[in-house]
Amino acid sequence: MHQFLQQIFSGLAAGSIYASLALALVMIYRATDLVNFAQGEMAMFSTYIAWTLVNAGLPFWLAFLITLAVSFAGGMIIERVVIRPVENAPVLAAVVVTIGLLLIFNSVAGWIYSYTVQDFPSPFPDRPVFGALMTTRDLGVIGVTLLMLVLLFAFFRYTPVGLAMRAAAQNPASARLCGIRVGRMLAIGWGLAAMIGATAGVMVAPVLFLDPNMMGGVLIYAFAGALLGGITSPIGAVVGGLIVGVTENLVGTYLIASQLKLTVAFALIILVLVFRPNGLFGTAVVRRV
Amino acid sequence: MEKRFAAPESVTEGTSAAAAANTWRWIGIVALIVIAAALPFGLSKYHVFELTMVMIYAIAVLGLNILTGYNGQISLGHGGFFAVGAYTAAILMHRYGVPYWLTLPPAALIGFALGVLFGLPALRFEGPYLALVTLAMALATPQLLKYFDTWTGGQQGINLAKPTPPAGLGLDRDRWLYFVALVVLLIAIRTAANILHGRTGRAFVAIRDHPIAAAAMGIDTAKYKTLAFGISTLFTAVAGALAAIVIGYVSPEGYSLFLSISFLVGSAVGGIATIGGAIVGGFFIQFVPNLANDISDAAPWAIYGLAMLLFMYTMPRGVVGTLWPRIVKFVAARKIAAQFAVSQREGR
């Protein structure tokens, strides 16, 4: 029983990372209607920026804040330069372009930082708490994710920019008529998503260690989470990410050897899409013919 | 909106200008086949091997073109089906002593069956979702190959004896395999052309361009989409089996996400809704990463990434999809001009 609870809690910690990345995916999907396959590699690149800053001697949290700012700017630039030209193109063009971005980020990171695995410092001490049910590190990761969620919720609910972004995502034409600069809102959406991804990367790096391929598995689990929650629902993304994290941990401990980790994610994605294509919280998109 | 990826217009209309273009096309095709048959005698063994791989990749990319280009179903996981073909051939040869040429039909059958099985749930996944599912499949493929190690030899893979060429032809092994691949490629191209230029192909394209209108016209979209999946994976699995025979070795690391993405890049570069583009794609996949490797380990990925962005922005129909219609137009325009000149002279 004790082991079972332990697995659930460490699953929640992993799940909150999937949840963050899933949230980033959902934000981009809602804003620009495309699935960003490069989200994981963007997060990985942000993590390398944080790593460089920490190695340069900056205190961890300062490095983290700078990374967030850089990622935000980077996300906006990517939307402007790379994504804007294919915004109204067929799905295939958008998929190919984001896969291209994935490759570019991966190789540039490999080029600059090499493919050797690096240690990444954890901002939280690693001590068992609550009768060894959790570690302080897990607690820290979950805490940071929750804080981010609250901030995001507040941003979208209580700020004029957040309101404008929701409008731009919901009905771009009408939003434009109201004087909202839709293009800029989309860019901000990408910036925010990059920032959320950076948080996920920095939180997961102490566990997975830092290398250019570290986010591949995380991205697939995040996709599974986003689909499970419903790719149109931010709350769904978080719940879905957490469920996927716990499931992955339990399945890995009790059912299937961990070398089939990605296969489990693959099966999960298929199951969700076959049996509940709109996810737990998503709304069915009704299209007019 | 989907027009940017439309297939080049059919050139088989009855006008004399189009007929001229058609004649030129046949002359070109025959010339290409003659060159392809003559090439191995003027090249070193290694270059012959490289060209054999070009043709094998071309078959795989052709498979992807049928599914993604003509039917609009995006697959990032064709490396997985390539692996299925490769391991089918390897296991049959290694465990059961089946001669290499007899492994191609079972590889084709298994490829088709798996494609249909995969295509059935894929009916419910649209656009980016299918891309996502197949991406997950591509990532899971090496793991699965390692896991079922009693069959696949796990991490070590399977070493295969290289086939012996039939005596009396005077061909060495590499040149013989080159011709085997060439024949399979020609059959594949002819089959693809027959399927795509007929009723089935028009149904594929109609479903891609407007699924609802296609259904309204009485096309059984579920049947044709599943069929497209099966045919596509059949091609790719056959290519995989050929690759296993030619390389003489299979191992899980050879079938990573990189392979699946290679097919997509080759497809996009050559022209995703073309048949000839597959050959351009084959050249790209075989030679570009090798050249790039001289620069840095990371360079092949970077060049693939850049190629994907550049082609989507500047040439979304790929090399063949962009150039071929222009050639047809040019030839047709000259023919019409010549006819006009003749009719002027005769005073009609």
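A residue counts as buried if 20 or more other C-beta atoms lie within 10 Å of its own, exposed if 12 or fewer, and partly exposed in between, with C-beta atoms placed from the backbone. Keep in mind that this is a predicted model: local features need pLDDT of at least 70, side-chain atom pairs count only at pLDDT 80 or more, and totals for chains, interfaces and linings use all residues. Residues are numbered from 1 along each chain as its sequence is written, while chains are lettered from A and ligands numbered from 1 in the order in which they are written.

**Stop 1: A:I104**

Select A:I104, which lies in helix α4 of chain A. Helices (H or I, at least four residues) and strands (E, at least two) are DSSP runs numbered from the N terminus. A:I104 is buried, with 23 other C-beta atoms within 10 Å. Which residues of chain B does A:I104 touch? Leaving out residues up to four places away in sequence, A:I104 touches B:A302, B:G305 and B:L306; contact here calls for C-beta atoms, placed from the backbone, within 7 Å.

**Stop 2: where the chains meet**

Zoom out to both chains. Here 40 residues of chain A are in contact with 43 residues of chain B. On the chain A side, the elements giving two or more residues are α4 (91-113), α9 (215-229) and α11 (261-275). The largest share, 16 residues, comes from α4(A). Colour that side by residue type and you get 33 nonpolar, seven polar and no charged. In this scheme Ala, Val, Leu, Ile, Met, Phe, Trp, Tyr, Cys and Pro are nonpolar, Asp, Glu, Lys and Arg are charged, and the others, Gly among them, are polar.

**Stop 3: α9 of chain A**

Next, pick α9(A). Of its 15 residues, 13 are buried. Its end C-alpha atoms are 20 Å apart, which agrees with the 21 Å that 15 residues should span at 1.5 Å a residue; the expected span is 1.5 Å times one less than the number of residues. Just after α9(A), look for A:G230 and its positive phi of about 105°.

**Stop 4: B:A136 and the core**

The largest nonpolar core has 206 residues, and B:A136 is one of those that touch the most other members. Such a core is a set of buried Ala, Val, Leu, Ile, Met, Phe, Trp, Tyr and Cys residues joined through C-beta atoms within 7 Å. Show the contacts of B:A136 beyond four places in sequence and you find A:I220, A:A265, A:F266 and A:I269.

**Stop 5: α10 of chain B**

Select residues 221-247 of chain B, helix α10. With 20 of its 27 residues buried, α10(B) is largely enclosed by the rest of the structure. Just after α10(B) comes B:G248, with a positive phi of about 75°.

**Stop 6: B:G72**

Finish at B:G72, in the loop between α2 (45-70) and α3 (78-96) of chain B. Is B:G72 buried or exposed? B:G72 is buried, with 25 other C-beta atoms within 10 Å. Setting aside residues up to four places away in sequence, B:G72 touches B:I207 and B:R208.

Note on methods:
Contact = placed C-beta atoms within 7 Å.
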